[in-house]
Amino acid sequence: MNYRHSFHAGNFADLVKHALVLWLVQARQAMGPVVVLDTHAGAGLYDLSGDAARSKEAEAGVARLMTAQGRPPLMDALANEVRALNPDGATRFYPGSPRLIVDALSAGGCYVGFELNPPVRALLAEALAGRTNAETREGDGYDGAVAEAARVRAPLILIDPPFERPDDYARAAETAAAVVRRDPSATVAVWTPLKDLETFDAFIRRLQGKVGPTLVAEARLRPLTNPMKMNGCALVVVNPPRGAEAAAREICGWVADALGDPGARAEVWTF
Ligand SMILES: C[S@@+](CC[C@H](N)C(=O)[O-])C[C@H]1O[C@@H](n2cnc3c(N)ncnc32)[C@H](O)[C@@H]1O
């Protein structure tokens with residue numbers, strides 16, 4: 001386990017994922033309290049003055065979000081969450097999916113985050129300390145989420161692997177399919193990098209025919225010609241709530257336009 005999200009926290013891909021996840025939590029809980037399962041939770045909260053300052057990814061991502069003029073509402077919503085963590089006006093702290101989700105939950109909602117790496121899980125517990133509607137578990141999030149989903153109705157599940165293992169695509173697809181096969185009212189969002197089209201198409205083919213209606217929200221920051229680079233990212237949402245397509249267009253469109261190379265674009269489609 002070499003992956004450290006602290007280098008990537010607040011980059012363009014986190015902005016896409018977090019703005020859309022924030023919208024998904026709010027859309028799902030408009031219908032009542034929601035249980036959110038986060039298979040790959042990470043540390044929960046990031047100090048951008050550490051690893052992220054060295055990678056400069058947050059500088060090209062959240063730092064630009066916070067100074068942007070004319071942000072659309074769903075990017076503004078994420079910016080507000082970041083501002084709440086930084087009352088002095090600097091952009092030093094950035095919320096991971098756990099803090100963002102737990103702070104957005106309404107009464108009756110709850111969160112379970114899985115993290116395999118013990119030191120990261122300790123940071124996660126610290127980031128969520130005192131939040132009685134949040135639980136953290138050390139262990140494999142794919143198996144953990146399938147088991148936990150069987151105990152609740154209509155969970156919202158985020159699958160956000162590091163993709164450092166060759167089986168992450170297969171396990172993400174199998175987990176999403178297993179959850180919705182058992183509970184067709186569950187919503188599952190899978191984050192993936194966009195490096196080359198072959199890998200992404202193969203992932204989509206793993207899902208097709210095994211899951212219900214699915215939204216694919218892609219932000220392509222540059223052409224997918226160099227497979228060694230993260231040229232964009234996608235959030236694939238199985239059983240999206242009504243309004244998800246418009247939300248995804250707003251978020252991916254802003255990220256591509258504001259942070260991408262010339263020719264960057266959003267692709268939002270369904271199957
Ligand atoms: C991309 S980061 C998660 C970022 C987080 N979801 C967020 O948006 O802030 C992936 C995390 O998954 C952890 N991890 C890797 N394999 C795992 C597994 N099978 N189950 C649970 N956690 C895992 C890594 O240690 C890492 O902290």
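In this predicted model, the shell of residues around the ligand comprises eight nonpolar, eight polar and four charged residues. Of the 20 residues in that shell, those that come nearest to the ligand are H40, G42, G96, S97 and G141. Two elements, the strand β4 (110-115) and the helix α7 (141-149), each give two or more residues to the shell.

The strand β4 belongs to an open sheet of eight strands with mixed pairing, in which the order runs β5-β4-β1-β6-β7-β9-β8-β10. Because β5 (134-138) and β10 (265-270) each have a single partner strand, they stand at the edges of the sheet, and one side of each is left without a neighbour there. On average, and with direction ignored, neighbouring strands are turned by 15° against each other. Within the sheet, β7 (residues 187-194) and β9 (residues 232-238) are paired in the antiparallel sense over seven bridges, and W191 has L235 of β9 as its bridge partner. The helix α7 packs on this sheet, where it touches β1 (35-38), β4, β5 and β6 (156-159), and its direction makes about 150° with that of β4.

A further packing arrangement involves two helices, α1 (residues 12-29) and α10 (residues 244-259), whose axes come within 10 Å and cross at roughly 160°. The two helices are therefore roughly antiparallel to each other, and their crossing is right-handed. The contact is formed by F12, L15, V16, A19, L20 and W23 from α1 together with A247, A248, I251, C252, V255 and L259 from α10; by class, it has twelve nonpolar residues, with no polar and no charged ones.

Notes
Residues numbered from 1 in each chain as written. Predicted model: local features only at pLDDT ≥ 70, side-chain atom pairs only at ≥ 80, totals over all residues. Near = placed C-beta within 6 Å. Helix = DSSP H or I, 4+ residues; strand = E, 2+ residues; numbered from the N terminus. Nonpolar A, V, L, I, M, F, W, Y, C, P; charged D, E, K, R; others polar. Axes fitted to C-alpha atoms, helices over the stretch in contact; angles between N-to-C directions. Parallel < 35°, antiparallel > 145°, perpendicular 65-115°, else oblique. Left-handed = near helix turned anticlockwise from the far one by under 90°. Contact = placed C-beta atoms within 7 Å. Pairing = 2+ DSSP bridges.
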